[in-house]
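Here is a briefing on one protein chain. Look at the sequence and the 3D view, then work through the points by topic.

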Amino acid sequence: DFMLWEPQEFKATAEDEGRFISWLSAKTNSVLLVAEGDSELIGFLGATGGERLRTRHSALLFLGVRKEYWSRGVASALLQEALSWASRAWLLRLELTVHTTNNRAVALYKRFGFQIEGTRRASLLVAGQVRDEYLMSRVAEA
């Protein structure tokens, strides 16, 4: 319920995903991290860096963990690695959006130094109900 896409909307093929991974890998300010358990994908974190000179110092994060692996430190490990990578990539700003009702995720992001910058009102329609999102960011100390 907390992801951007509805299950029936995601129609990417393995080839499509391969192109996306190649595109991300070619950029110095983007990365895709994965978590595996029992030889299967259990979580991912992607960072898509800005394309323009004025935004290359920042990246938009997207994170997902399979529900059966919640509360096992998967998201924390992915975020910790992402922060380490961002420092090595000389990124100043990381940002993300999160449902305002996703208290667990909001608390996690706050533990990692993200702050709420604002609310994107009525930004999503989930199961016929309007949902708000927080815009959160973490800015590296100079």
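Asn29 sits in the loop between helix 1 (14-25) and strand 1 (31-37). The model is a predicted one.

- Is Asn29 buried or exposed? Asn29 counts as buried, because its relative accessibility is 8% and the cut-off for buried is under 20%.
- The side chain of Asn29 makes a polar contact: it reaches the backbone oxygen of Arg56 at 3.3 Å.
- Beyond its neighbours within four places in sequence, Asn29 is in contact with a list of residues that includes Ala47, Thr48, Gly49 and Gly50.
- Arg56, Ser58, Ala59, Trp85 and Leu91 are also among the contacts of Asn29.

- Ser58 belongs to strand 3.
- Ser58 has a relative accessible area of 11%, so it is buried.
- Which backbone oxygen does the side chain of Ser58 reach? The oxygen belongs to Thr55, at 3.0 Å.
- Setting aside residues up to four places away in sequence, Ser58 touches Asn29, Thr48, Gly49, Gly50, Leu91 and Arg93.

**Thr48, a contact of both**

- Thr48 is touched by Asn29 and by Ser58.
- Thr48 lies in strand 2.
- With a relative accessible area of 21%, Thr48 is partly exposed.
- Not counting residues up to four places away in sequence, Thr48 touches residues that include Trp23, Leu24 and Lys27.
- Asn29, Ser30, Ser58, Ala59, Leu60 and Phe62 are also among the residues that Thr48 touches.
- How many residues apart in sequence are Thr48 and Glu117? They are 69 residues apart in sequence, and their C-alpha atoms are 19 Å apart in space.

**Salt bridges**

- Side chains of opposite charge can pair when their charged atoms come close.
- How many salt bridges does a search of the whole structure find? The search finds eight.
- One of the pairs is Glu15 with Arg19, at 2.9 Å from N to O.
- Glu15 and Arg19 are both in helix 1, four residues apart, which is about one turn of the helix.
- Glu15 is exposed, with a relative accessible area of 57%. Arg19 counts as partly exposed, at 48%.
- Arg93 takes part in a salt bridge with Glu95, where the closest N and O atoms are 2.7 Å apart.
- Arg93 also meets Glu117 in a salt bridge, at 2.9 Å from N to O.
- This pair links distant parts of the chain: Arg93 is in strand 4 and Glu117 is in strand 5, 24 residues apart.
- Is Arg93 buried or exposed? Arg93 is buried, with a relative accessible area of 18%.
- A network of salt bridges links Glu40, Arg66 and Glu68.

- Which residues of helix 3 (residues 103-111) are buried? They are Ala105, Val106, Leu108 and Tyr109.
- These residues are on the same side of helix 3, because they cover an arc of only 160° around the axis.
- On the other side of helix 3, Asn103 and Arg111 are exposed.

**Backbone angles to look for**

- Gly113 follows helix 3, and its phi is positive, near 90°.
- Ser39 is not a glycine, yet its phi is positive, at about 60°.
- Where is Ser39? Ser39 is in the loop between strand 1 and strand 2 (40-49).
- Ser39 is exposed, with a relative accessible area of 76%.
- Ala122 is another residue other than glycine with a positive phi, near 50°.
- Ala122 is found in strand 5.

Terms used:
Residues numbered from 1 in each chain as written. Predicted model: local features only at pLDDT ≥ 70, side-chain atom pairs only at ≥ 80, totals over all residues. Heavy atoms only, no water. Buried < 20%, exposed > 50% of the residue type's maximum accessible area, 1.4 Å probe, protein only. Helix = DSSP H or I, 4+ residues; strand = E, 2+ residues; numbered from the N terminus. Arc of directions from axis to C-beta. Polar contact = N/O pair within 3.5 Å; in protein donor to acceptor, adjacent residues only side chain to side chain. Contact = heavy atoms within 4.5 Å. Salt bridge = Lys/Arg side-chain N within 4 Å of Asp/Glu carboxyl O.
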